[in-house]
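Dear colleague,

Please find the structure below, handed over for your use.

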Amino acid sequence: MFRVRRPALSAATAATLLLALTACGGSAGAKSSASSGSSDLSSVTLAVGDTGWARAQAVLKLAGLDKTPYKVKWSVFQGGDLQLQAVRAGALDVASSSEIPPVFAAADGNANFKVVAVQKGTTLQQEVVAPKGSKITSMAQLKGKKVGYVKNTTAEYFLYELLKQAGLKWSDIKAVPLLPDAGLAALNGGSIDALASYGNSIIAAHGQGATTIGSGADILSGNFNWEASDKTIASAAKRAALADLLARVNKGYAYIRNGHETDYAKVTATTTHQSVSEALSQYKAGEQQRPTTIGLTTKAAIASEQQVADAFDALGALPKHLDVSTFWTDALNSDLRKALAS
């Protein structure tokens, strides 16, 4: 039976991780130009998570939108699950993730966060790959093989679905939970036969000769959540600052699409160790599949996440049935609607 256990992260551990990874952005200063009206946000500080690399920060800087009327402390994590652990421990105000991490973070019934916005994005580079020289070319050939995956993330979800499509059960493989970097090292070192992962680790794997044997592109919804702690949501000033920040990120992506793709590709290539042409090609493919935009929470988005939770529930991965609406809210919708329109 496919079961997932989410390791606890203490407040001290999360705080230590946050301090180790934090990069400060923005500055205190003028009044907010977005939803907060005449409110002075200079005393507000948002601790915000980013996944894989400083993507959101790069977008804001390229678009000239990084000078905020509040302070932002960014931290980069290898997955949305780690961000949500940090939120629950009080080390982050805001996290970003796929649909999967909040399902497990809320599984114990004590979620102290809510999904406050939804970012639509590409589901490319979410793959199961075999290493260079492998004779494995299909999912069906994974029976009895060691397969690395990033648990509590999209990688776990699409790996299961792809196995099912190939006529295999989760128990037919030797599943090995690994963080993206460790998974890549294990793949290259020969200790696993395949890897289900995403983003930079998949890009790097292909750069080292790995081949795709399965893709989550059409399995995943393309919904990526922004979650905030209950304490953050309870603060009118922090809600205003967060709405402004998300609107800036949304405008930043629009700016890049409007003739600045190469500039973004240059930043991406430096981080992912690709050529600029490769990074540009991947960016264009992703935006063609699904342009990156940020919007409000909706009933459709909640229903999409419920479908994911129900799948994990059916697999026995959750302690009990989970009603995902308990960790969604429209509390930011009014502020965000105004900020997006400004």
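How many cavities of 30 Å³ or more does a search of the whole structure find? There are two. This is a predicted model, in which local features need pLDDT of at least 70, side-chain atom pairs count only at pLDDT 80 or more, and totals for chains, interfaces and linings use all residues. Residues are numbered from 1 along each chain as its sequence is written, and side-chain values use heavy atoms, with hydrogens and water left out.

A cavity is a set of points, on a 1 Å grid over the protein atoms alone, where a 1.4 Å probe fits but cannot get out; its lining residues have an atom within 4 Å of a point. A volume is the space filled by probe spheres set on the points.

The largest cavity holds about 50 Å³ of space. Its lining consists of V116, A228, T232, I233, K238, R239, L242, A331 and L332. Two or more of these residues come from each of helix 8 (230-234) and helix 9 (236-257), and helix 9 gives the largest share, three residues. Helices here are DSSP runs (H or I, at least four residues), numbered from the N terminus.

The second largest cavity has a volume of about 40 Å³. Around the second largest cavity lie S98, E99, I100, T154, L220, S221, G222, N223 and F224.

Just after helix 2, G64 adopts a positive phi of about 70°.

With kind regards

Key: 1 Å grid on protein atoms, 1.4 Å probe; cavity = no way out; pocket = protein on both sides within 12 Å on 5 of 7 lines; lining within 4 Å.
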